[in-house]
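Biologist: Let's go through the contact between the two chains. I want each term set against its cut-off.

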There are 2 protein chains.
Amino acid sequence: MRSHFCGQLNESFIGQRVTLCGWADVSRNLGGVCFIDLRDHEGIVQVVAEPDNPAYAVAADVGYEYCLKVTGTVRARHSVNSKIATGAVEVVAESIEILNTAATLPFYNHENPGEDIRLRYRYLDLRRPEMQRTMRTRTALVQALRRHLDAAGFQDIETPILTKATPEGARDYLVPSRVHPGEFFALPQSPQLFKQLLMMAGMDRYYQIARCFRDEDLRADRQPEFTQLDMEFAFVTEQDIQDFVEGMIRGIFREVQGVELADPFPRMTYAEAMRRYGSDKPDLRIALELVDVAELVKHSEFKVFTDWAGHADGRVAALRVPGGASLSRKQIDDLAAHCAKYGAKGLAWMKVEDLTKGRDGIASPIAKFLDDATLQAVLAAAGAKEGDILFFGAGPYKTVCDFMGALRLKVAKDLDLVAEGWAPLWVTDFPMFEWDEEAQRYVALHHPFTAPKVDDVDDLVANARTAVSRGYDMVLNGNEIGGGSVRIHRTAMQSTVFDLLGISKDEAQAKFGFLLEALQYGAPPHGGIAFGIDRIAALMAGTESIRDVIAFPKTASAQCLLTSAPSPIPDVQLAELHVKVREPE
Amino acid sequence: MRSHFCGQLNESFIGQRVTLCGWADVSRNLGGVCFIDLRDHEGIVQVVAEPDNPAYAVAADVGYEYCLKVTGTVRARHSVNSKIATGAVEVVAESIEILNTAATLPFYNHENPGEDIRLRYRYLDLRRPEMQRTMRTRTALVQALRRHLDAAGFQDIETPILTKATPEGARDYLVPSRVHPGEFFALPQSPQLFKQLLMMAGMDRYYQIARCFRDEDLRADRQPEFTQLDMEFAFVTEQDIQDFVEGMIRGIFREVQGVELADPFPRMTYAEAMRRYGSDKPDLRIALELVDVAELVKHSEFKVFTDWAGHADGRVAALRVPGGASLSRKQIDDLAAHCAKYGAKGLAWMKVEDLTKGRDGIASPIAKFLDDATLQAVLAAAGAKEGDILFFGAGPYKTVCDFMGALRLKVAKDLDLVAEGWAPLWVTDFPMFEWDEEAQRYVALHHPFTAPKVDDVDDLVANARTAVSRGYDMVLNGNEIGGGSVRIHRTAMQSTVFDLLGISKDEAQAKFGFLLEALQYGAPPHGGIAFGIDRIAALMAGTESIRDVIAFPKTASAQCLLTSAPSPIPDVQLAELHVKVREPE
C-alpha cells in the first residue's frame with residue numbers, strides 16, 4: 001500500500017514520487033494551503049496539499065489521527081524544520097485517501113495525559129513517539145539477548161504455564177480444572193523447577209524469555225505478570241555462569257545502548273555490600289558509604305550508641321554526605337521520616353561547619369554526648385570535611401543497614417549526588433538462610449534449591465546459621481537485574497535443606513516429590529540465573545516505570561483498563577469448572 | 001568442568017587430553033577392561049578404563065545413567081564403530097569422578113516405553129537421543145523464524161496472559177482475581193485482539209511466539225496450551241502478507257530441513273479444495289481426487305444417487321483408487337466404518353477387474369443399478385483403469401466432502417499412496433459465514449474480525465450466505481499450519497458482522513466494546529496470520545505427535561504426569577480468591 005515510510009524521507013528523495021501511509025499528527029491550513037504532518041512508526045513528514053489539486057479538498061477534511069494514504073512528490077522545504085529528521089523535505093500531495101477517520105480524541109499526542117487515561121486508550125498512547133521509542137528499546141534488548149544465546153548454543157525451550165502449585169514465597173494465580181473437579185493448575189512464579197528438570201533431561205544449556213506470575217499486592221512498580229530471561233547451564237560452576245552472562249550483558253549494552261560497561265564487573269560479598277552500602281543491591285553511582293563507628297562511640301554518653309555498640313547484633317554507622325551541611329531542619333526531618341519507614345527509631349546528625357573551631361564548628365544535637373576525643377575520632381573516621389553532614393544510625397545490624405541504605409539513596413537523589421552512567425556489580429556469598437523471628441524458623445534467602453557452599457550435609461546442619469550459599473545477584477544502578485545460583489543436585493542435600501527450612505517430609509513430598517525423585521537419576525551439577533527483562537528494558541529506555549516498556553500493563557490494582565479485565569463470569573461457566581463465587585461473609 | 005563434548009571427538013583429537021561430562025549410556029566389563037559409553041547432548045563416545053589405572057575401580061561401580069566426569073586421552077579404536085560419529089576413537093580414562101549416582105531406572109534409554117511412563121519420567125525420556133533431536137529441531141525452527149522476522153523489521157511484542165474472557169469459540173481457562181472479588185481473568189485463546197490493537201497503536205509489524213490456551217476436550221493431538229507464531233501487519237493487502245510469509249516458510253524449510261518448497265505455493269479456493277479433495281486442508285502428496293458424477297447418475301436406478309444428484313445441496317462423488325481392486329471385503333468394510341465416523345450412511349464401490357469385459361469385468365454391489373451407458377460414463381469420468389477401485393459417496397454436499405475426504409486420506413495411507421516430500425498450498429476465498437442449522441444462525445468460519453471481500457456493509461448484509469472472506473490458510477501435507485486474514489478496520493463493518501453473527505449490541509459491547517471503540521480512532525487497514533509452531537515442529541521432526549516437540553506436555557486428560565498438576569488446593573487459599581469448590585450435585 002505504500003512505497004516508503006514517512007520517517008525515511010530526506011533530501012536524497014527529492015523529485016521522487018512516493019506513497020505513504022500513516023496518521024495525521026497535525027493538520028492546518030495556512031494561507032489557503034493545507035499542511036498535514038503525516039506520522040508512521042519511522043517518523044513524521046510534512047505533506048502539502050495545494051489548492052489547485054484535488055487532494056486539497058480531502059486534506060481540508062482531515063482531523064487529528066485520521067489514517068491516510070498519500071501519494072505525492074518529494075521536494076525541498078522552503079524553511080527547514082530542524083526538529084524532525086525529514087525536516088528538509090515535504091511531500092506535495094497528488095492524492096490523499098482517508099483510510100479511516102478518527103473520533104474526537106480523549107487526549108492529544110503531544111500532551112502528557114494521566115496514566116489511567118493512557119492505559120484506557122493504550123492504542124493511542126502507544127502511537128506517541130516516546131512510547132514507540134521505549135517499546136523499540138525493549139524489542140532491541142530481547143533481540144540482542146537472543147542473538148547472544150543462540151550463538152552460544154543455548155536451546156530456547158518453552159515450559160508450561162498451566163502447572164502445579166509449588167509456592168515460592170508469593171501467592172499463586174490458580175486455574176480451576178474442568179476435567180478434574182476440585183483441582184487447580186497454578187501459573188508459574190518462575191520456571192525454576194522446570195529448568196532444573198531440563199538440565200536433568202540432558203538439555204545442557206537452556207534459555208527462555210519466560211512469563212512469570214505473582215499474585216502479590218502490587219508495589220508501585222510490580223506487575224501481576226512479568227517477563228524474565230530464564231537460563232540454566234549443566235556441568236558448570238558459578239564462575240562459568242557469571243563469566244558468560246557478564247559478557248552477555250556487556251554485549252547487549254554495547255549493541256543496544258552503545259555503552260561499555262566495566263570489564264570485569266566489580267564483585268562484592270553480601271556482607272561487604274551491607275556494611276558499606278546498607279543494601280544487597282548497592283547503587284555504585286553514589287559514592288557515599290557507611291562507616292562503622294561502634295568502637296569509637298561505645299564509651300560515649302549517648303545511650304543509643306553505647307547500647308548498640310555493645311550489642312553483638314548491633315550496629316552504629318555513620319554516613320558522610322558532602323555538602324549536606326546546607327540541609328534545612330525541615331529537610332533533615334523529612335530524611336528522618338524516610339528512615340523511620342525502614343525501621344529507624346531516630347536519626348542523629350552532625351553538620352560540619354568549621355573544622356578549625358573544634359567542637360564549636362559542629363552543629364549537632366548529639367555532639368554534647370561525645371567528648372572531644374570521641375568527636376574528633378568520629379569526624380576522622382567518617383573523613384568529614386567542611387560543609388558535610390554526618391548522619392548516624394544505631395540499632396540492630398539489619399535494621400541499621402536498611403534505613404541507612406535507604407537514607408543513602410534518598411539523600412544522594414535530593415542533593416544530586418548520583419553520577420551519570422552505568423554501575424554494574426556482582427553481589428555474592430549470600431547467607432544460605434535467614435532466621436525468621438516471628439515464625440521461629442529459617443527461610444531461604446534465595447530459594448530452597450540453592451546450593452550451599454559446603455558440600456557436606458552434616459557441615460551444613462551444624463553451621464546453618466552462618467552458612468553461605470552459591471547464589472549471586474547482578475546489580476545495576478541499584479536494581480537487582482538478575483539473580484541466580486548453583487543448584488542442589490543431590491537428593492540428600494535437597495532433603496536436608498527442606499528439613500532446615502522446616503518443610504516436613506510429607507509437605508516436601510507433596511510439593512516437590514517429583515524434584516526429589518528426579519535428583520535420584522544421575523542429576524548433573526547445574527546452575528543458572530534469571531534476569532528481569534521489564535526492568536532492564538526500563539533502565540535502557542531511561543524510564544522510571546516498567547509499565548512504559550510493557551505494551552498492555554495492568555494497574556496497581558491488577559486491572560487492565562483497556563479490556564476491563566478481570567470481569568464477572570456467568571455462573572453456568574463457573575459450574576463447568578466446578579467452582580463458584582464465595583459470597584462475602 | 002569439561003574441555004570437550006562427548007559427541008565432538010573424532011580422529012583429529014587423537015593424542016589430546018580431554019575432560020568430558022555426561023551420562024553412562026552403557027557400561028560393561030570385557031576381558032578385565034571396563035568400557036563406558038559416555039553420552040552428552042552432542043553424542044556418545046567410548047571411555048575405556050584399564051585395570052592398571054585408578055579409574056578402573058570407579059568405572060567398575062558405574063551404573064546406567066550415572067552422571068560422570070572423565071579425564072583421559074583420545075586414541076584410535078581397534079575396531080571402528082561406524083554406528084556413532086565418534087566411532088573411530090575412544091578415551092582412555094585417567095580419572096573418573098561420579099558426579100551423581102542413579103537409582104534403578106524405570107526404563108532404559110534404548111527401550112521404547114509407553115507414553116505414560118515417558119511423561120511421568122520426562123527428564124529421562126528427554127535424555128534419549130531421539131527426543132534430543134526432536135527438541136533441537138523445534139529450537140532450530142523457532143530460531144530461524146525469529147531471524148527472518150527480526151531481519152524484516154518486525155517488533156517482538158508480548159501481550160497479556162492474564163486477560164479478558166472473550167470467547168473465540170472454545171472454552172476459556174479462567175483465573176479468579178484476589179483483588180476484585182467475583183471477577184476472573186481468562187487465559188488468551190490467541191492474542192488476536194491485542195495484535196489488532198497493536199496495529200491501531202502504530203506498531204506497523206508485530207510478531208510473537210505466543211502461548212495460547214483452549215479448555216477443550218482434547219483430541220489425540222491437542223494440548224491445553226500450545227504455541228503459535230502470531231503476526232500482524234499494518235497497511236497491507238492479503239497478497240503482501242502471503243508473499244512475505246510464504247517466503248519465510250520457504251526460508252525456514254531451507255535452513256532447518258535443507259529442502260526447497262514449491263515457489264510459488266499452489267493456490268486453491270476453498271470451493272475447489274472441497275470439490276477436488278473433500279477438505280479445506282488437502283494433502284497434495286496424495287494424487288487421488290474426487291470426481292463429481294451427479295450429472296451422470298441422476299437418472300440411474302440407485303436411489304441414493306438419484307436423490308442427492310437432484311438435490312440443490314447434494315453431492316454424488318467418486319474416488320478412484322489405483323490398485324484398490326485388491327482390497328478385501330474386510331478392508332472395504334473398515335473403510336466404510338471410517339467414513340461413517342464422518343457422517344457417511346454407506347459407501348458404494350466398484351472394483352475394475354477387467355476393462356475388456358464390460359459389465360462382467362466390474363465387481364460391485366451397485367453396478368446392477370446402472371445401465372451400461374451410465375456405467376461406462378462413470379468409469380470414463382473417474383478415469384478408471386484395471387486394478388482400480390472406485391468409491392462413491394452421496395449425500396449433503398458438506399457431508400460427502402467430509403467423509404470422502406477422510407476416505408481419501410485413509411485409503412492413501414493404507415495403500416501407501418502418499419508421496420514423499422512436502423506439499424504446501426494456500427487455500428483462499430473461504431465463506432464468510434457458515435449457517436448453523438441447530439442454532440439457526442450464522443457462525444464465523446474464521447473469526448468475527450475477518451474482513452469480507454466486499455467493502456460495502458449493505459452488500460454484505462444482502463449476500464451474507466454467499467459472502468467470501470479475506471481469510472487464507474497455509475496447508476502443508478494435509479495440515480493447516482497457518483491461518484489468517486485481512487481484518488475489519490472500520491466500526492460499521494465490525495458492528496454489521498457482529499449483527500449477522502447474532503451477537504446483540506449489548507453482548508458486543510460487553511465483550512468487544514474496547515475493540516469497537518479502538519476502531520473509531522483512525523484504525524489502519526491491517527491483517528495477519530498465525531502459525532502452529534507445535535505442528536510445524538512435529539512435521540519437521542518427522543513425528544506424528546506434537547507431544548514429542550513439547551518439553552513438558554499434558555496427557556489427553558489435561559494432566560501433567562510429571563508434576564501431578566492439576567492438584568487440590570487448601571480451602572483457605574481458595575477463600576483468598578473468593579471462590580470455593582462446588583460440590584457435585
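Biologist: What makes Arg211(B) and Glu158(A) a salt bridge?

Modeller: A salt bridge needs a side-chain nitrogen of Lys or Arg within 4 Å of a carboxyl oxygen of Asp or Glu. The closest N and O atoms of Arg211(B) and Glu158(A) are 2.8 Å apart, so the pair meets the rule. This is a predicted model, where local features need pLDDT of at least 70, side-chain atom pairs count only at pLDDT 80 or more, and totals for chains, interfaces and linings use all residues. Side-chain values use heavy atoms, without hydrogens and water; residues are numbered from 1 along each chain as its sequence is written, and chains are lettered from A in the order written.

Biologist: How many salt bridges cross the interface of chain A and chain B?

Modeller: The rule finds 16. It also finds 69 residue pairs in polar contact across this interface, both residues at pLDDT 80 or more.

Biologist: What does each chain bring to the contact?

Modeller: Contact means heavy atoms within 4.5 Å. Chain A gives 121 residues and chain B gives 121 residues.

Biologist: How much area do chain A and chain B bury between them?

Modeller: About 10,600 Å², with 58% of it on carbon and sulfur atoms. Buried area is the accessible area (1.4 Å probe) that two parts lose on being put together, summed over both. Phe235(A), Tyr521(A) and Arg582(A) supply 8% of what chain A buries against chain B, more than any other three residues.

How values were computed:
Polar contact = N/O pair within 3.5 Å; in protein donor to acceptor, adjacent residues only side chain to side chain.
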